[in-house]
Structure formats: structure tokens, C-alpha cells
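Hi,

Here is the structure I promised to pass on. Have a look at it first, and then read on for what turned up.

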Amino acid sequence: MPARPPGPHPTGPHPTGPHPTGAQHVLDYPSLVSLVENRLQLAPRYRQIVLPVTMGLARPVWVDDHDFDINFHIRRSGLPRPGTLAELGDLIARVMSRPLDRSRPLWEMYLIEGLEGNGYAVLTKSHRCLVDDFAGPEISQVITDETADVVQYEPDLWMPGHPPGATSLAIGALAEAVSRPGEFIDSVVTGNGVVGGVRTVVDSTVRRIGDLIGDVTDSAPQSPLNSPGSSSQMFAVSSVPRRDCAKIAEHHRCTVNDVVLAIVSGVMRRWLLAFDVAAPITDTVRVEIPLSTRDPGVAPDAERDATWIDVGTPGFVTDLPVGEDNPKVRLSQVAALADRYAQSSRRVTLGPRPLLPELGMVPFPEFSSWAFRSLGTRGYNIPLSITSSPVSDRYVLGRKVSALHAVPGLIAGHALSIGVVEYLDRLNFAFTADRGVIGDLPALAGYVAESFEELLGAQ
């Protein structure tokens with residue numbers, strides 16, 4: 001369950017601004033829809049669609065959805081009472097496995113009922129083109145408050161604008177071709193137009209070149225984590241007390257993020273040993289993590305409260321010494337490697353950047369630098385998102401959020417993604433995996449507690 005930055009959003013369109021109300025609210029489907037309707041003015045991209053340009057001559061553009069239907073995007077779901085966390089994870093995995101409807105705004109929200117203890121869960125699913133420094137906040141950040149007082153914004157009388165016609169788009173594409181001929185050629189060759197189809201002819205050639213480049217560059221270790229899988233996903237969570245992790249960090253003179261990396265190292269060591277007992281375990285597993293975990297100064301807005309949404313931020317690639325059996329040595333190596341590689345220009349990644357600020361991240365792979373991006377995925381085995389600082393208490397319609405997890409999306413060529421959020425003095429681990437490669441994800445998530453206890457006992 002996610003949250004929004006503190007205070008009124010700086011782009012709030014009404015001079016009177018929001019005002020809190022102490023009235024009691026019921027968390028049900030109608031009230032959630034009303035809440036989102038009131039807050040969508042803070043995330044205007046959530047009422048827009050991506051319109052392709054004729055023949056793929058230029059990058060697609062954002063236009064208002066004239067048929068916007070909020071009830072299509074906000075859905076009600078339930079678990080057989082009393083629903084367990086495992087059953088909730090199965091439901092989340094099914095939702096995340098389904099592609100978004102590209103003819104509509106690229107997001108969905110689910111109110112999930114039936115959890116044990118009369119609990120609820122709110123799942124938000126947003127395409128990354130909606131969530132970055134250029135596009136605005138994620139919808140889950142928008143619907144949450146810092147206190148039990150519900151912030152009510154002035155009503156937003158939204159009317160969709162007129163979409164540009166095909167002629168206007170084509171003229172704009174030609175103008176762009178004159179000003180940026182190189183990008184025009186890339187749009188045509190790698191776009192969705194008739195010329196773009198030629199890329200299928202050179203597909204195998206590009207892959208062979210990618211294999212050759214991978215052999216002579218610093219590519220990731222060979223691992224089943226980069227194996228082709230299926231379209232079916234799994235999701236599981238685990239958590240450990242942050243206070244004890246801080247004690248471990250203090251004892252070993254490192255950071256809490258180092259302890260997180262050591263826990264993940266222990267998790268992956270156990271999983272690799274169980275994956276194929278006959279195969280020798282690899283020495284390292286390579287992960288990509290946010291650079292802000294080593295240097296808070298690189299965060300997009302150092303003054304803003306922490307968020308679990310990590311899209312387009314700079315990162316770096318480091319190695320987890322999964323071949324090391326001693327947990328104390330493993331922690332020491334993790335800290336040293338992270339400090340070293342955070343300073344290495346060869347290991348720093350800028351993250352996905354938008355082609356145009358007004359467009360955000362292009363949502364369809366065929367519109368971007370397809371060939372070179374496919375080569376870049378060879379650089380690491382696991383994308384690992386870690387919040388740079390704790391997320392403060394969050395409330396939805398006056399009800400305190402009891403647990404907060406970032407659902408990490410799978411990246412092409414990777415069978416596992418991990419997200420870590422610090423909330424209510426807990427470090428919450430979330431795992432998304434390709435079912436075709438990692439069929440035992442609940443067991444893998446269970447290794448978090450074992451790895452944590454191992455480090456706690458090594459003090």
C-alpha cells in the first residue's frame with residue numbers, strides 16, 4: 001500500500017488549496033472512487049492516453065482520454081475470508097501478470113477485501129511512463145495523507161482537451177525531422193510504422209553482436225536469474241525489524257543499507273544452493289541499486305519525504321558475494337564492494353530517461369532504443385530498489401496503513417525483482433518473480449528471516 005509526498009502538492013491547481021477534515025470515513029469502493037476523483041488533479045497524466053503518430057514518424061504524444069471512465073481503472077476484488085498474505089500475494093501476481101490496456105490511461109487500482117482481521121489492501125498498478133520526475137507522482141502517493149485528517153481538495157471540473165489531428169501530428173513529425181534528423185531516423189527504424197518492420201530481419205544479428213559485446217565487457221555473471229521465462233508471475237513479501245538491523249550495522253560499522261544487501265546476499269545464496277544442488281554455486285550475484293543508497297545527494301528532491309516509488313533515478317551495479325559462507329565476512333565484503341562501485345563511472349547507470357520531458361518514458365518498447373537497451377540488460381542479474389530513508393506514517397481515508405510494500409516490476413531478461421521499503425520500523429521486502437524460472441518464490445522470501453537471524457547471531 002503506497003503514499004504521497006507531505007503537504008499540498010506543488011502543482012495543485014486551486015489557489016484555495018486543500019483543507020483537512022476530521023470527519024469519519026468508511027473505506028469502501030464508493031469512498032475510494034470519490035477520493036481518487038478528488039486527487040486526480042494532482043496526477044494529470046492519469047487521465048491521458050498515448051497517441052501514436054501516423055506511420056511511426058515520430059514519438060507518440062500525450063492526449064486527454066475523451067472516454068475516461070474511472071470505474072474501469074478502480075476495481076473491487078476480494079479473497080475468501082479470512083484471506084492470508086499468501087493468498088493476497090497470489091492475487092497481486094495475477095494482476096501484475098496482465099498487461100495494461102494501451103487504449104486507456106495506463107494504470108489500475110484494486111480495493112482488495114476479505115483479509116484476516118477485517119483488513120483491506122489497496123494495490124496500484126501504474127506504467128512507469130506515468131511515474132517519474134517529469135510525469136508526476138504515482139497514484140498511491142496521491143491518495144494517502146500524513147495524518148488521520150483527510151485532505152480534501154477543491155472539486156476539479158476537468159474537461160478533456162481536443163486531440164491533435166493526424167495532419168497536425170504528421171506536420172509536427174516533419175518539423176522534428178528537420179530539427180533532429182538523427183532521432184527521426186531512430187523513430188522510423190525502431191518505431192511502429194511500416195519501416196519499423198525491417199528490424200525483425202536484423203533481430204538475430206543484433207543478438208549475436210550483443211553476445212559478443214557481453215563477452216568483452218563487464219557483463220553479469222551467468223545465472224538462471226537471466227533465463228527466459230514465462231508471462232506468469234509470482235509475488236511474495238517478508239519483513240524484519242529495522243531496529244535490530246541498525247544494531248547490526250552499528251556493531252559492524254556499516255550502514256543499514258549494507259545490512260539489507262547482506263540479507264539479500266544470504267537469501268540468494270540459500271536459493272542458489274537449493275536451485276541445483278549438483279551445480280557449483282557462483283561466487284557473486286550482481287544487483288542494480290539506487291545510487292541514493294550510498295549518496296543521498298543524488299536523490300531527485302532531498303527535501304521531500306521518502307517514497308517507495310523508484311523510477312528513472314540514477315543507480316549503480318554492485319556484486320553480492322553469495323559464494324561466501326561466513327555471514328560476517330559477507331557483510332564486510334558487501335559494504336566494501338558497494339562503496340567501491342558507487343564511485344565507479346563504469347558501474348553507474350542513469351536509469352531509463354524520457355525521450356521528451358512532456359512525454360515521459362515511452363511506454364512501448366518498440367518506440368525506444370530497442371537494440372541498445374537489450375544489450376544493457378546483461379549488466380546485472382537482479383534490479384533491487386531500496387528507499388533512501390524511512391517512509392513516514394500514511395493514512396487512507398483516515399485509516400492508518402499497517403504495512404507498505406513496493407511491488408517491483410519484472411524487467412525483460414530478468415526473472416526476479418526486489419523492492420525494500422522502510423515503514424513503521426520494519427524493513428519490508430517484496431519479491432516479484434517469473435514463475436517459469438523461480439517456482440518456489442515463497443521459500444525464497446522465507447530466507448529473509450533466516451539470513452537476518454544469521455547476521456544477528458554473528459555480532
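The face of helix α8 that points away from its buried side carries Arg243 and Glu250, both exposed. This is a predicted model, by the way. On the buried side of α8, which spans residues 242–252, you'll find Cys245, Ile248 and Ala249. Looking down the axis of α8, these buried residues stay within an arc of 100 degrees, so they line one face of the helix. The general rule behind that: an α-helix has 3.6 residues a turn, so residues three or four places apart point the same way.

What sits over those buried residues? The cover includes strands β8 (233–241) and β16 (426–434), plus helices α9 (256–275), α10 (327–341) and α12 (441–457). Just past the end of α8, Arg253 has a positive phi of about 55 degrees.

Now the sheet. It is open, with 7 strands in mixed pairing, ordered β8-β16-β15-β12-β9-β10-β11. β8 and β11 (348–349) are at the edges with a single partner strand each, so one side of each has no neighbour in the sheet. Further in, β15 (residues 416–423) runs antiparallel to β16, joined to it by 8 bridges, and Gly419 stands opposite Ala430 of β16.

Two of the covering helices also lie across strands of this sheet: α12 across β8, β15 and β16, at about 15 degrees to β8, and α9 across strands including β9 and β12, at about 145 degrees to β12.

On confidence, the chain averages a pLDDT of 77, and 70% of the residues score at least 70. Over residues 2–17 the pLDDT is below 50, though that stretch has 46 contacts in the model beyond near neighbours in sequence.

Cheers

Methods:
Residues numbered from 1 in each chain as written. Predicted model: local features only at pLDDT ≥ 70, side-chain atom pairs only at ≥ 80, totals over all residues. Heavy atoms only, no water. pLDDT = per-residue confidence, 0-100. Contact = heavy atoms within 4.5 Å. Buried < 20%, exposed > 50% of the residue type's maximum accessible area, 1.4 Å probe, protein only. Helix = DSSP H or I, 4+ residues; strand = E, 2+ residues; numbered from the N terminus. Arc of directions from axis to C-beta. Pairing = 2+ DSSP bridges. Axes fitted to C-alpha atoms, helices over the stretch in contact; angles between N-to-C directions.
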